[in-house]
Amino acid sequence: MLANNTPMATTTTRKSATERRDEILAAALHEFAAHGLDGASTDAIAKAAGISQPYVFRLFGTKKKLFMASVERCLRETLEMFHTASAGLSGEDALSAIGERYTELVATDPVYLHAQLQSYAACDDPEIREVVRHGYGELVKFAERVSGLPSERIARSSGCVPQDG
C-alpha cells in the first residue's frame, strides 16, 4: 500500500504470441501423441497450456492446423536431435550415433515416437501427408548427407527394408 492507502500496482509480464504458441505446441504434442488427431481434445490442450480454448483457435485456426504444426515441430526437433547426436561424426559412426540417441529418446520419453506414429496414422489426409512427407524427408536427407551412405543403406538402418541374411 502506498501512503495514501491506494494499492501498489503490480506488473505482470505478458507472454508473446510466440511464447504462447510454443506452450500450446508443447501441450498439443502430448495430447496428439496420446490420442491422435481425432481423439485429441483442444480443450485439454488449452488447459495444459494455461489458456482458453478460443485462443488456441485464434492462433491456429483449426484443430487440423494445430495438429500439422505439432507434427512439423516434432519432426523438426527430431532433426535437431539428429544434428546434435552426429556432431563431428561421419559415415557409419554418424548413423550409429543418431540411432543410439533416438533409441535412448524413445526409451526414456516415448512422446516423440507416439506423436510420429500418430502423424503417420493421419496420412490419409493429403495436407497432413505432405507435412509428414516433408519432415520425414528432411530426416532421411540429413542421414544421407551426414553419413555419406546411399539411401538403400539408410533404409536398412531405419528398419524400412529387411536386413540381408
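1. The model is predicted, with local features needing pLDDT of at least 70 and side-chain atom pairs counting only at pLDDT 80 or more, while totals for chains, interfaces and linings use all residues. Residues are numbered from 1 along each chain as its sequence is written, and side-chain values use heavy atoms, with hydrogens and water left out.

2. Glu 31 lies in helix H1, residues 17–39 (helices are DSSP runs of H or I with at least four residues, numbered from the N terminus). Glu 31 is buried but forms no salt bridge, and Lys 63, the nearest side chain of opposite charge, is 7.4 Å away. Here buried means under 20% relative accessible area, exposed over 50%, and partly exposed in between, with a 1.4 Å probe and protein chains only; Lys and Arg count as positive and Asp and Glu as negative, with His and the chain ends not counted; and a salt bridge requires a side-chain nitrogen of Lys or Arg within 4 Å of a carboxyl oxygen of Asp or Glu. Leaving out residues up to four places away in sequence, Glu 31 touches Gly 36, Gly 39, Ala 40, Ser 41, Ala 44 and Ile 45, where contact means heavy atoms within 4.5 Å.

3. Helix H2 (residues 42–49) has Thr 42, Ile 45, Ala 46 and Ala 49 as its buried residues. These lie on the same side of H2, because they cover an arc of only 95° around the axis, the arc being that of the directions from the helix axis to the C-beta atoms. They pack against H1, helix H3 (53–60) and H4, whereas Lys 47 and Ala 48 are exposed on the other side of H2. Just after H2, Gly 50 takes a positive phi of about 75°.

4. In helix H6 (residues 111–121), the buried residues are Val 111, Tyr 112, Ala 115, Gln 116 and Ser 119. They cover an arc of only 130° around the axis and are therefore on the same side of H6. Their packing partners are H1, helix H4 (63–86), helix H5 (91–108) and helix H7 (126–147).

5. Tyr 120 also belongs to helix H6, and counts as partly exposed because its relative accessibility is 33%. Apart from neighbours within four places in sequence, Tyr 120 is in contact with Val 132 and Tyr 136.

How values were computed: Helix = DSSP H or I, 4+ residues; strand = E, 2+ residues; numbered from the N terminus.
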